[in-house]
Amino acid sequence: PQLYLSSFIKLDASKSEKIKKHVQSVIDRYNQYQTSSGGFAYWTGGTVPSPWGSCYGAHFLTEAKKLGYTVPSVLYDSLLDWIETSAVEWTDDSYEDSEEVQAYKLFVLAIAGRANIGSMNRLEEKKSRLSQSAKLLLAAAYASSGREKVARELLSSFTPTSVFFRLTGGSFSSSIREQALYLFTCRLCDKENEADKTAKALAETLSSDKWLSTQETAWSLLSLLPYYKDNEKSKKIDYVVESAGKERQGTLDTLSKIEELSPSNQRAQTVRISNKSSASLYGLLTSSGMSVPGTEVSRNDGLEVHVKYKDSKGNTINPSSLKKGDSFVVDVSVENTFGKKIENIALTLPFATCWEFNNDRIADTSQSYSSSYSYQDIRDEAIYTYFDLAASDTLHLSFPMTVAYSGSYYIPAVHAEAMYDNSYGSIVPGIHIEKKQ
């Protein structure tokens, strides 16, 4: 979405430059994801291509190239070659390579100038049993390759999913992302009335307090930003913003604006926005901050985390008994209590300020793979472990530590959560350790 922000929001030179650096930094890091076959792995250094991840990366690179960003030909062409080959060889018997993923491959190839009409037609023959998202992506592929008649026929067979759903893996689909795909495809097929209705509903979802996955947010913005960019119905709007005893006036024409409000040392701050025009003005207030240590609330929703502390002999101990120089082990178990498989779970184990992790790896100290988890990233302040859990399964992990400093300190909360669905998660609250001087 950052590719389009400058066309949607009025940005100063420093923010525009920051966006360019963000986009280019992603492009520069992509070689860490590319496998020997050309496809992109889900995690850096991986050896097996992720079908959806490869398409998502290629989609981004294609749009970036169109806007003038530098994309290495070796990286880009090898990725497209893998997508093209896998699209030709595709069969519908894989969860990771579903019909929706196949449709995404064909769409990406189409916008990259490599439209594969034969594979599109082969998938279109299955339209009676395609998922709604697969229909939309296939319609987008046809529209992007100049076959608007077929695209509109597919679009006319689309029926919005009436029940909310969200996948934690595979194509990472959801009913919200499906709505974004519908807007995206309507725009390609010049379905203005349908696009207007969907854009309003999608904008309301984005500006609500609903939790959204990265896929839902990205596709919503990806669909909305070009829509508003191409929409010539914008009117001039004058407004006034009052906050912290200060008042400022502003004007909107074709671009949105970000007004950064002055901070306040009060527990509450009142913001008043006055619309001085006849056209509708839509606003979104965003605030951020940090929670106070020790205020975490225990949680067990579909996942259950247990943390134990053990000495060098394997005996369970209270962390308050630890002294400077002691070596110990943090045992963490994560159980799937939901009853169905949950994919892409992220376990975060933060370090207490006086603890040091005894990393026994040689050479590479930042990442690893294991048969029990997909990826592990060791940082100075925490260890992040990513994995899937089948129904009723439990993952056990042990982390050797040493107490490097003495004094009072706080052991931060340990938490696990599904990366693409916040309804699954578990939190073990932190602990204050008070040491008498």
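Q132 touches S157, F158, T159, T161 and E178, leaving out residues up to four places away in sequence; contact here means heavy atoms within 4.5 Å. Q132 sits in helix 6, where helices (H or I, at least four residues) and strands (E, at least two) are DSSP runs, numbered from the N terminus. With a relative accessible area of 17%, Q132 is buried; the cut-offs are under 20% relative accessible area for buried, over 50% for exposed, and partly exposed in between, using a 1.4 Å probe and protein chains only. The model is predicted, so to speak of local features takes a pLDDT of at least 70, side-chain atom pairs count only at pLDDT 80 or more, and totals for chains, interfaces and linings use all residues. Residues are numbered from 1 along each chain as its sequence is written, and side-chain values use heavy atoms, with hydrogens and water left out.

Now for the partners of helix 6. A pair of packed helices is described by the angle between their axes and the distance between the axes. In this model, axes are lines fitted to C-alpha atoms, for helices over the stretch in contact, and angles run from 0 to 180 degrees between N-to-C directions. Helix 6 (residues 132-144) and helix 7 (residues 148-156) have axes that come within 7 Å and cross at roughly 165°. That makes helix 6 and helix 7 roughly antiparallel to each other; angles under 35 degrees count as roughly parallel, over 145 as roughly antiparallel, 65 to 115 as roughly perpendicular and the rest as oblique. On the helix 6 side the contact is made by K135, L136, L138, A139, Y142 and A143, and on the helix 7 side by E148, V150, A151, L154 and L155. Sorted by class, the contact of helix 6 with helix 7 has nine nonpolar, no polar and two charged residues. For these classes, Ala, Val, Leu, Ile, Met, Phe, Trp, Tyr, Cys and Pro are nonpolar, Asp, Glu, Lys and Arg are charged, and the others, Gly among them, are polar. Helix 6 passes helix 7 in a left-handed crossing; left-handed means that the near helix is turned anticlockwise from the far one by less than a right angle, and right-handed that it is turned clockwise.

Helix 6 also packs against helix 8 (residues 175-188), at an angle of about 25° and with the axes 9 Å apart. Helix 6 and helix 8 are therefore roughly parallel to each other, and their crossing is left-handed. From helix 6, Q132, S133, L136, L137, A139, A140, A143 and S144 meet E178, L181, Y182, F184, T185 and L188 of helix 8. The residues of this contact between helix 6 and helix 8 split into nine nonpolar, four polar and one charged.

S175 belongs to helix 8 and, at 14% relative accessibility, counts as buried. Setting aside its neighbours within four places in sequence, S175 is in contact with V163, F164 and F165. Between S175 and I342 there are 167 residues in sequence and 18 Å in space, C-alpha to C-alpha.

On to the strands. Strands of a sheet pair through backbone hydrogen bonds, either parallel or antiparallel; here, two strands pair if DSSP finds at least two bridges between them.

Another open sheet has three strands, in the order 3-2-5, with antiparallel pairing. Strand 3 (246-252) and strand 5 (271-275) are the edge strands, each pairing on one side only. Neighbouring strands of this sheet are turned by 20° against each other on average, direction ignored. Strand 2 (residues 237-243) pairs with strand 3 in the antiparallel sense over seven bridges, and E242 has E247 of strand 3 as its bridge partner.

As for the whole protein, there are ten helices and 19 strands. Of its 437 residues, 43% count as buried. The C-alpha trace spans about 75 × 65 × 40 Å along its principal axes. Among contacts with a separation of 6 or more, 67% come from residues 24 or more positions apart.
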